[in-house]
Amino acid sequence: MHLVVCIKYIPDPEAAFSMFSIDEQALKVIPASGLKHVVSPFDEQAIEAALRIREAHAGTRITVITLGNELSRNALKHGLAMGADDGVLLLDAALEDGDSYTTALTLAAALKKLGAIDLVLTGRQAADGDAGVVGAGIGELLDVPVLTFAKSIAVEKNTVRVERVLDDGIEIVEADLPAVVTVSNEIGAPRVPTLRETMRAARKPLVVWTAKNLGLNADHVGAAGSRSVRERLFAPSKAIQCEFIVGDTPEQQGARLAQRLREAKVL
Amino acid sequence: MNVLVIAELAQDKPTSASLEHLALARSLAGEGRVVALLLDAQTNITETLIARGADKVIIGVREAFDSYNSYAWTTIAASVAREHAVTLILAAHNPRGADLAPRLAFRLNAGCATGCVSVEQKDDTLLFTRASHGGNLRETLRFKTEVVVATVRAGVYDALPADATHTGEIITLNTAPVSRVRVLERKREDGAQRLEDAKVIIAGGRGLNGPEGFKVLEPLAATLGGVVGASRVPCDLGWCSHALQIGLTGKTVTPELYIAVGISGASHHLAGCGNAKTIVAINTDKDAAIFRDAKFGVVGDYTTVVPALTGAIMALPKQS
């Protein structure tokens with residue numbers, strides 16, 4: 001079985017937002033220099049999901065793939081250190097600054113080029129853009145079923161079965177392979193590679209493909225092919241001033257809070 | 001322009017988000033039509049949707065559409081969108097809408113904007129403002145495509161008052177299209193009143209220090225006629241059900257009163273509760289980010305403050 005995990009390398013989303021600034025001319029988010037980059041956490045959990053599937057199915061091969069820049073090699077190395085078998089980097093100036101649409105288009109072309117894939121995994125959304133569009137887009141472009149927000153994944157014979165997170169519980173859904181599954185945080189913590197695995201991964205070669213290698217016209221991908229245009233980028237304003245309720249004892253604080261809520265007509 | 005609203009039900013009533021989206025659709029449609037698509041429903045719901053702004057309701061009967069199925073719903077929604085020449089499709093930003101919208105967008109060669117906090121029209125261009133970067137940022141997008149599919153967060157628009165004189169056309173679908181996804185089972189979490197419709201929410205975070213912390217919140221919730229929710233950390237740690245998760249990847253809630261207990265206030269949590277009318281924060285850390293979004297704050301140990309607050313609320317004189 002061949003599993004492919006689509007991942008994205010992003011500035012650490014857990015970093016304080018004061019580490020980022022907004023370039024209002026370029027309409028871009030600029031991370032502070034030196035801010036570490038990580039594999040988007042949901043994507044890292046998608047790698048974990050793939051590794052768990054391989055544990056149940058000997059002989060499974062796992063490829064990690066990313067669309068990015070030179071820095072994104074580190075994302076693939078991290079995937080390899082976690083246990084993936086090979087890595088593909090889609091690297092080309094023509095592919096840069098795209099949107100969810102061109103990202104899905106590019107990844108779908110790369111997946112076709114890889115060929116004979118049983119299951120494509122990715123995070124439910126990238127932790128920077130938070131759009132959650134690419135996974136579904138890949139499925140549509142490849143014309144295969146998509147199962148989203150997985151908290152557990154089981155592959156049996158020619159089908160994939162997913163426990164899917166709903167707002168009032170879960171549902172169990174099934175589709176024939178090949179399929180795309182997007183992974184939610186409920187799947188659990190990803191494994192942490194050992195130093196030895198990290199060293200070994202650093203020596204594994206990566207495959208690098210350009211737009212031309214993928215048979216993609218430069219006008220159809222990256223910024224040129226994007227369907228969306230960013231008109232504005234801003235931080236939402238916060239106009240609230242917190243009124244702190246003080247008191248000598250918790251009882252006093254509780255009573256005063258109740259009183260203030262009543263006075264403010266909240267209660 | 002014609003606008004399609006993907007409406008949803010909860011406890012056999014249209015969700016408040018669906019009614020809000022109908023109002024938004026009505027305001028954007030101008031001379032055009034507002035079409036509502038409601039699958040998995042009983043036919044008596046249609047009048048509500050028409051009274052709240054729909055000009056046409058297409059209803060897939062429960063016998064044929066007895067559960068959400070992304071593949072079948074995408075197929076139906078795409079054919080309805082084409083047939084009615086809609087240029088905008090609105091869905092809820094929840095596990096159904098966020099599943100359906102991107103797929104529908106690709107099926108229709110349309111643009112896709114998820115998690116919108118505003119959709120507006122300016123000089124014949126639709127502008128979509130959405131939260132990104134864990135709720136820290138807003139970006140405003142326009143699309144080069146003819147059609148756009150958007151998921152819109154709950155609580156940012158007001159529903160129209162019901163107008164019983166508004167009339168509309170009703171179409172019933174009795175058969176579902178073939179699906180390549182099979183729904184085998186659905187397990188509902190019982191007990192929890194829907195967080196999305198709750199007027200009062202008491203939410204716990206990492207600062208509860210363990211599952212038993214939720215036991216401290218429950219009497220306060222009961223006293224206020226509210227429900228208990230959570231930030232992501234206690235859900236991931238297994239202290240409570242994931243169904244309680246509020247935030248970017250959980251539920252979006254818009255209660256009158258939101259009491260955040262032991263929640264640091266990371267922006268990805270605020271993305272789910274920032275539109276609450278009044279936020280109260282109880283936290284031991286006086287520098288916690290949550291106080292920047294709270295109207296009232298208590299710096300203290302929740303295990304003593306929350307029971308004290310509960311007792312004090314019970315002791316308040318009844319409102320006349």
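This report describes chain B of a predicted model and the side of chain B that touches chain A.

**Chain B as a whole**

Chain B contains eight helices and 17 strands. Its radius of gyration is 21 Å, close to the 20 Å that the globule rule gives for 320 residues, so chain B is as compact as a globular protein of that length. Along the principal axes, the C-alpha atoms of chain B fill a box of roughly 60 × 45 × 40 Å. Of the 320 residues in chain B, 59% are buried. Among contacts in chain B with a separation of 6 or more, 66% are between residues 24 or more positions apart.

**The side that touches chain A**

In chain B, 68 residues are in contact with 65 residues of chain A. Strand β12 of chain B (residues 181–188) gives the most to this side, with eight residues. The table divides the residues of this side of chain B by class.

| Class | Residues of chain B |
|---|---|
| Nonpolar | 28 residues |
| Polar | 19 residues |

Strand β11 of chain A (residues 169–176) is joined to β12(B) by seven bridges, and the two strands run antiparallel. Within β12(B), B:Arg188 is the bridge partner of A:Gly169.

**Helix α8 of chain B**

Helix α8(B) comprises 14 residues (302–315), which at 1.5 Å a residue should span 20 Å; its end C-alpha atoms are 19 Å apart, which agrees. The buried residues of α8(B) are B:Tyr302, B:Val305, B:Val306, B:Ala308, B:Leu309, B:Thr310 and B:Ala312. The elements that cover them include α7 (250–263) of chain A, as well as α5 (213–223), β15 (257–261), β16 (278–283) and β17 (296–299) of chain B.

Methods: Residues numbered from 1 in each chain as written. Chains lettered and ligands numbered in written order. Predicted model: local features only at pLDDT ≥ 70, side-chain atom pairs only at ≥ 80, totals over all residues. Contact = placed C-beta atoms within 7 Å. Helix = DSSP H or I, 4+ residues; strand = E, 2+ residues; numbered from the N terminus. Nonpolar A, V, L, I, M, F, W, Y, C, P; charged D, E, K, R; others polar. Pairing = 2+ DSSP bridges. Expected span 1.5 Å × (residues − 1). Buried ≥ 20, exposed ≤ 12 C-beta atoms within 10 Å, placed from the backbone. Rg over C-alpha atoms; globule rule 2.2 N^0.38 Å.
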